[in-house]
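Here is a short report on one protein.

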Amino acid sequence: MSEPEAHDGYLGPDSVAWKLIGHPISIIGGLRALIVQALHPLAMAGVAQHSDYRNRSVDRLRRTAYYVTATVFGDRATADAAAARVRRIHRSIRGIDPVTGRAYSADDPETQLWVHCVEWHSFLAVYRAYVGRLTTEEQDRYHAEGARVAPLVGLPAEMVPRTVAEQREYFASVRPQLCVSEPALEAIDFVLNPPLTRELLPYQVPVRLVARAALATVPRDLRRLAGIDQPSVLDAATVAAVRPAAALLTLPLLREAPSLALGRETRAVSIAARGKLRPAA
């Protein structure tokens, strides 16, 4: 996909999203989002009953990565086409959540809001932890940019938080609904300890490193809820080890699976890993 001009897409080169999601560290944000999203019972029910992530995990990551790349970096036609494909898939994802007994649907705005907010916030959280600080104004701009692309899958724009304060209020409001179910535990364990399947075997070392880096940024109360907490000293050691190598951390993954890359800077690093150019500054 070619680089869009500033006026071609829903977002442009001057957006904060291009800066954050274009960084190689964003792949850590993707795994962080999977861990946190699993704690919402309705969102998890859809994954457990309709996703073959255990057998086609790399393919699922590719699809998610393409959607993020298309909507953040693509022109409007590319973004709209990617969103239309997601909406088509969502129409068939519905059922009854065995944990709460409630009906769920991937078209449900509340569930869509959870998925969007966790994903969007996760990219921000890992950037702040491993790359650098952002001003409150930059963070507010970033959330407003997320509110610009979220409606592409049918989420009402007025529901989407547009500032840091609104995002915090949203997470506080949904916290009482979160719980850990057996499917959630299985999904989280799959992220943190991927099985030695043929598909995942080439990625074992980098995926486990990236997953541990993601875990270190998950709020402690959510880790306790899921039974995956670790000592603060281990969090600090992870951050200290990952931060200096943030731009290179995903290179082993990208050598094997460059299509997992998110964003233009990560794509440049992927090419660099194959010896064609230096990583983007």
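Two residues are in contact when heavy atoms of theirs lie within 4.5 Å. With that cut-off, and leaving aside neighbours within four places in sequence, H116 is in contact with G146, A147, A150, L155 and V160. Keep in mind that this is a predicted model.

**The whole protein**

The protein has 14 helices and 2 strands. Of its 281 residues, 51% are buried. Its accessible surface comes to about 13,100 Å². Carbon and sulfur atoms hold 56% of that surface. Residues 24 or more positions apart account for 71% of them.

H116 sits in helix α6, which covers residues 109-130. Its relative accessibility is 13%, so H116 counts as buried; the cut-off for buried is under 20%.

A45 belongs to helix α3, residues 41-50. A45 is also buried, because its relative accessibility is 4%. Which residues does A45 touch, beyond its neighbours within four places in sequence? They are D97 and Y104. A45 and S181 are 136 residues apart in sequence, but their C-alpha atoms are 9.5 Å apart in space.

**Helix α2 and R32**

Helix α2 spans residues 26-37. It has 12 residues and reaches 16 Å from its first C-alpha to its last. That is close to the 16 Å expected at 1.5 Å a residue. Why is α2 described as largely enclosed by the rest of the structure? The reason is that 10 of its 12 residues are buried. Among them are S26, I27, I28, G29 and L31. R32, A33, I35, V36 and Q37 are buried too.

R32 is buried, yet it has no salt bridge. The nearest side chain of opposite charge is D221, 8.7 Å away. A salt bridge needs a side-chain nitrogen within 4 Å of a carboxyl oxygen. What does the side chain of R32 make with the side chain of S122? It makes a polar contact, at 2.8 Å.

**A network of charges**

Side chains of opposite charge can pair when their charged atoms come close. How many salt bridges does a search of the whole structure find? The search finds 8. One network of salt bridges links R220, R223, R224, D229 and D235.

| Salt bridge | N to O distance |
|---|---|
| R220 and D229 | 2.6 Å |
| R223 and D229 | 3.8 Å |
| R224 and D229 | 3.5 Å |

R223 has 2% relative accessibility, so R223 counts as buried. R220 is partly exposed, because its value is 23%. R224 stands at 57%, so R224 counts as exposed. D229 itself is partly exposed, with a relative accessible area of 32%.

**To recap**

R32 is buried and has no salt bridge, but its side chain makes a polar contact with that of S122. R223 is buried as well, and R223 forms a salt bridge with D229. Find both arginines in the structure and compare their surroundings.

Note on methods. Residues are numbered from 1 along each chain as its sequence is written. This is a predicted model: local features need pLDDT of at least 70, side-chain atom pairs count only at pLDDT 80 or more; totals for chains, interfaces and linings use all residues. Side-chain values use heavy atoms; hydrogens and water are left out. Helices (H or I, at least four residues) and strands (E, at least two) are DSSP runs, numbered from the N terminus. Buried means under 20% relative accessible area, exposed over 50%, partly exposed in between (1.4 Å probe, protein chains only). Lys and Arg count as positive and Asp and Glu as negative; His and the chain ends are not counted. A polar contact is a pair of N or O atoms within 3.5 Å; within protein, one must be able to donate a hydrogen and the other to accept it, and residues adjacent in sequence count only if both atoms are side-chain atoms. Accessible areas come from the Shrake-Rupley method with a 1.4 Å probe; for residues, only the protein chains shown count as cover. The expected span of a helix is 1.5 Å times one less than its number of residues.
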